[in-house]
Amino acid sequence: MHTQTVLYIILAGIIALLLALFQYKYKVKSMSKLYMLFAFLRFVILFSVLLLLINPKFEQLHLTTEKPKLLVAIDNSNSIVQLEQNEKALSAIKAFKSNTELNNKFDIEFYNFGAALNSSDTITFSEKQTDISAALDGLQDIYKDAIAPTVLITDGNQTFGNDYEFTPYKQPVYPIILGDTTSYSDLSIRQLNVNKYAYLKNKFPVETIVVYNGKKTVNTTFTITSGKQMVYTKNITFNAAHNSEVIQINLSANHVGLSTYKAHLTPLNSEKNTVNNTKNFAVEVIDEKMKIAIVSSFYHPDLGAFKKSIESNEQREVSILKPNEIKSKLNDFHLIILYQPNNQFKFLFDVIHSENRNTFIVSGPKTDWFFLNEQSKVYEHDITTQTEMYQGEFNSNFSTFIVDDLNFESFPPLQSTFGEITFFGPYETLLYKKLGSLTTKQPLLATFETNGRREALLLGENIWQWRAQSFLNEKSFNTFDNFIGKLVQYLASTKRKTRLVVDFESFYEGVNSVLIKAQFFNKNYEFDARETLQISLKNKETGVVTEVPLVLKNNNYQVDLSHLPASSYDFTVQALGENISKSGSFTILEYNVEQQFLNANIDKINTLAAKTNGTSYLIDDYEPIFEALISDKSFATIQKSTKTTKGLIDWKYVLGLIVFCLSLEWLLRKYNGLT
């Protein structure tokens, strides 16, 4: 409390005393006990009032101590088991938990990581992917303002993500290296590139990169088999100078459907890890290539974006043509995409109407809506000369076909003609127009079906920016290309809509999710969320039959079969309420990238430690890390002081005291007959 405040309180006491004595002393020659009581009560009242006016405060200092954090991040990937280091890793974790001196100095936080960072010390060594860079980035975000040296218990082998050797991690890292640092002779198929689709009676290319790690001259044989049939073989000699080879071959696609293959390198007699000598792959052979025409009277980046997205599926071919160039080729295409049509498209609309052909119309500021309104009997757009920028908002109730939300709200707005569009028949909105924070009921992307003809209408240009943003979000074009691909597949198909639609891949890599989706429609072809769907799976190799229910999620039913072992499966999805089912087959390819490592990646780990001013230790001799952390004075306990200002008095109690004294004085004066 400040000296000035103390002086005010003393002065208030003196003033209150003088006023009290003045009010009662001057009336009598000598103070009786009763008048002394009255004077005291009046003093208390006046002093309390003055005290409330002064409102004295005092400062309170709180001292707290904060121990530095010690982060222990454990590699939870399957490669630790493959290197037979799991018991040693668990022993090291136990040592960190039981070291009393270390726990007295640090608040120890345990994490594990595989594909992502997890706040837990429960270790299973079952993760199929490792991203050390993502784990360090996650710790950086959590402890960016703290002192937090990091112990990284890992073999240093990363399967995807950014190179952790160059991560801008600001905390010192103390790696404990799991695994043997000895270099072994090893043959491996480092990479195998093949298209997912091939065409019947054509040849498809297969590119394989095989690598030898060793110094001696060795001989091996590279083979590719399909079932029990050998389709390719080659003898290869490796030595210290010639330690890799690229094998490029063309295989024949002889029958329609999924064909599985196995590429294999004959292992060395002394080879320790033979898992990386084999790679399985599959190719789906189709007998027809879908041809699609994009017709535009002018060039625009959207045309290239559509072409890239659609042709990401090998069974589709796109041609970009002017309206006058397509006349003689119209019958060559399964689907026509009309980009911002005007009166130059008149003959095209005549053919579309006469032949009842499916179309995809993309409109924008250069669209001639006078012309387009005349051509369409399904919708009509307001005629304005203004444009507006609209973002897209996903309609989770869209049920025409199975499609996922690509986080459309993060995409840039599309430029569209301002005004409302009116539909004269049933339609479904896939994306709503969003203007700022306001979601309108107007469609940005809609689909509709009239007289068996399917159409889609996109009301905006610059969709090339969506494809670019999707790459920024996902580090890949795949999700956006799949979205456009599903839209094109729906439009290009002439099949009548079925009540049960199943979406699945013909084959799945062993490291990816095995996700099967389905939609069920009632007799009016409206999505039915009340049905119960169940999938029955039969393992072709073992004959084991498994039944799993599908779970409703937004506008489709889903089942995750990632727990299934690698094999070929026949399946049937059945609607239990009605006698409707759909069958198919898929193959899960056996591949565990974590089994590809022979030893620890000591070079990258040491680089990370040196870059962050840390020190690396081998798992067989890591005990000095405890003394290093305990004795390092840069990891000191911090004393923090917090200064708070509080009121010296509680006004509620003082006010109560004033009321009590006033009441008592009034009662005593009345009792003694004083006015």
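**A threonine, then the sheets**

Author: The side chain of Thr 612 comes to 3.1 Å from the backbone nitrogen of Val 173. Please keep in mind throughout that this is a predicted model.

Reader: Where is Thr 612 in the chain?

Author: Thr 612 lies in the loop that runs between helix H12 (602-611) and strand E35 (617-618).

Reader: And is Thr 612 buried or exposed?

Author: Thr 612 has a relative accessible area of 6%, and since buried means under 20%, it is therefore classed as buried.

Reader: Which residues is Thr 612 in contact with, leaving aside its neighbours within four places in sequence?

Author: On that count, Thr 612 is in contact with Tyr 169, Gln 171, Pro 172 and Val 173.

Reader: What does strand E6 (residues 173-177) pair with?

Author: E6 pairs with E5 in the parallel sense, over five bridges, and within that pairing Ile 153 stands opposite Ile 176 in E6. E5 also pairs with strand E2 (residues 69-75), again in the parallel sense, over four bridges, where Leu 71 stands opposite Thr 150 in E5.

Reader: How many residues of strand E5 (residues 150-154) are buried?

Author: Five of its five residues are buried, so E5 is mostly covered. In a regular strand, side chains alternate between the two faces of the sheet. In E5 both faces are covered, with Thr 150, Leu 152 and Thr 154 buried on one side and Val 151 and Ile 153 buried on the other.

Reader: Changing topic, what is the strand order in the open sheet of nine strands?

Author: The order is E16-E15-E17-E18-E25-E24-E23-E20-E21, and the pairing is mixed. Strand E16 (316-321) and strand E21 (414-417) are the edge strands, each pairing on one side only. From one strand to the next, the twist averages 30°.

Reader: How do strand E17 (residues 335-339) and strand E18 (residues 359-363) run?

Author: E17 and E18 run parallel and are joined by four bridges, and Leu 338 stands opposite Ile 361 in E18. Helix H7 packs on this sheet, touching strand E15 (290-296), E16, E17, E18 and strand E25 (453-459), and the direction of H7 makes about 165° with that of E16.

Reader: At what angle do the axes of helix H7 (residues 301-311) and helix H11 (residues 478-492) cross?

Author: Their axes cross at roughly 85° and come within 8 Å, so H7 and H11 are roughly perpendicular to each other. From H7, the residues that meet H11 are Phe 306, Lys 308, Ser 309 and Ile 310, and their partners in H11 are Phe 480, Asp 481, Ile 484 and Val 488. By class, this contact has five nonpolar, one polar and two charged residues.

Reader: Back to the sheet: what does the side chain of Ser 296 reach?

Author: Ser 296, which is found in strand E15, reaches the backbone oxygen of Phe 298 with its side chain, at 2.5 Å. Ser 296 counts as buried, because its relative accessibility is 2%. Not counting residues up to four places away in sequence, Ser 296 touches Leu 303, Leu 321, Lys 322, Pro 323, Tyr 339 and Phe 345.

Key. Residues are numbered from 1 along each chain as its sequence is written. This is a predicted model: local features need pLDDT of at least 70, side-chain atom pairs count only at pLDDT 80 or more; totals for chains, interfaces and linings use all residues. Side-chain values use heavy atoms; hydrogens and water are left out. Axes are lines fitted to C-alpha atoms, for helices over the stretch in contact, and angles run from 0 to 180 degrees between N-to-C directions. Helices (H or I, at least four residues) and strands (E, at least two) are DSSP runs, numbered from the N terminus. Angles under 35 degrees count as roughly parallel, over 145 as roughly antiparallel, 65 to 115 as roughly perpendicular and the rest as oblique. Contact means heavy atoms within 4.5 Å. Ala, Val, Leu, Ile, Met, Phe, Trp, Tyr, Cys and Pro count as nonpolar, Asp, Glu, Lys and Arg as charged, and the others, Gly among them, as polar. Buried means under 20% relative accessible area, exposed over 50%, partly exposed in between (1.4 Å probe, protein chains only). A polar contact is a pair of N or O atoms within 3.5 Å; within protein, one must be able to donate a hydrogen and the other to accept it, and residues adjacent in sequence count only if both atoms are side-chain atoms. Two strands pair if DSSP finds at least two bridges between them.
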